[in-house]
Amino acid sequence: MLPHDAVKHGPDVLSLVAFDRGREKHTGGGSPIAGNDHPRWPRTPLRVKRQSRAGQLRGFREHFFRQVVDTQDDQPLRVLAYSLVPSPRARPDEDWGTLQAEADQLGYAIATRLHDVAVPVTTTYFPASSASQGFYTPPWDRPGWREAERQLREGLADGVIVLDRHNISSDDDEYHAVIKHLGEHCRAFLHLVISEEPVAPT
């Protein structure tokens, strides 16, 4: 199953997700606050929700890392270095240097370097508005990322190392689906140089 199959659900599943999201707004936690006419539920600040989601995604990603490490012998982990550059003229050389330094520090062996260009696929113009929004290629539609998945499935590497999650996807659900696909179908992990959420100091 491709990761995009994991995020494109039928209308019944989407309606359940919408229901849960709607319920979350009204049951955010705590007791209702009495108002003039109707009780109000205390709102969870958006920043707190984003931090919580980032922590969940980091934990999910680290779960698959532990699975890979638990099945390894004493050989160094082999990783694919992946970069998403902002334009066809941009080169990933600076990214390669950072990824190589991170791999050296952790004892990873870089097997291959791959990159894609974040080129807009389409631009949608909204009626009665001059605003437009570009939609960028999902990771599984990028040639470099598809090659990374092929190599992982064939056992040529144990994981992928990238600078940050935005090299994969800025969308939480899409990013989650990619981690799940790598872990469950490729038996591989994703390593970020910059974590989704900084680890709290101890």
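Four strands make up an open sheet, ordered E2-E1-E5-E6, with parallel pairing. Two strands count as paired if DSSP finds at least two bridges between them. The edge strands, E2 (109-117) and E6, each pair on one side only. From one strand to the next, the twist averages 25°.

This is a predicted model: local features need pLDDT of at least 70, side-chain atom pairs count only at pLDDT 80 or more, and totals for chains, interfaces and linings use all residues. Residues are numbered from 1 along each chain as its sequence is written, and side-chain values use heavy atoms, with hydrogens and water left out.

**Sheet**
- Strand E1 (residues 78-85) pairs with E2 in the parallel sense over eight bridges.
- Arginine 78 stands opposite alanine 109 in E2.
- Strands (E, at least two residues) and helices (H or I, at least four) are DSSP runs, numbered from the N terminus.
- Helix H5 lies across E1, E2 and strand E5 (159-162). H5 runs at about 150° to E2.

**Helix pair H5 and H6**
- Two packed helices are described by the angle between their axes and the distance between the axes.
- H5 (residues 143-153) packs against H6 (residues 172-185) at an angle of about 25°, with the axes 10 Å apart.
- That makes H5 roughly parallel to H6. Angles under 35 degrees count as roughly parallel, over 145 as roughly antiparallel, 65 to 115 as roughly perpendicular and the rest as oblique.
- Axes are lines fitted to C-alpha atoms, for helices over the stretch in contact, and angles run from 0 to 180 degrees between N-to-C directions.
- From H5, Trp145, Glu149, Leu152 and Arg153 meet Val178, His181, Leu182 and His185 of H6. Contact means heavy atoms within 4.5 Å.
- By class, the contact of H5 with H6 has four nonpolar, two polar and two charged residues. Ala, Val, Leu, Ile, Met, Phe, Trp, Tyr, Cys and Pro count as nonpolar, Asp, Glu, Lys and Arg as charged, and the others, Gly among them, as polar.

**Loop residues**
- Aspartate 158 sits in the loop between H5 and E5. Its relative accessibility is 8%, so aspartate 158 counts as buried.
- Buried means under 20% relative accessible area, exposed over 50%, and partly exposed in between (1.4 Å probe, protein chains only).
- Not counting residues up to four places away in sequence, aspartate 158 touches several residues, among them Arg78, Leu152 and Arg187.
- Arginine 187 lies in the loop between H6 and strand E6 (189-192). Arginine 187 is exposed, at 61% relative accessible area.
- Phi of arginine 187 is near 50°, a positive value in a residue other than glycine.
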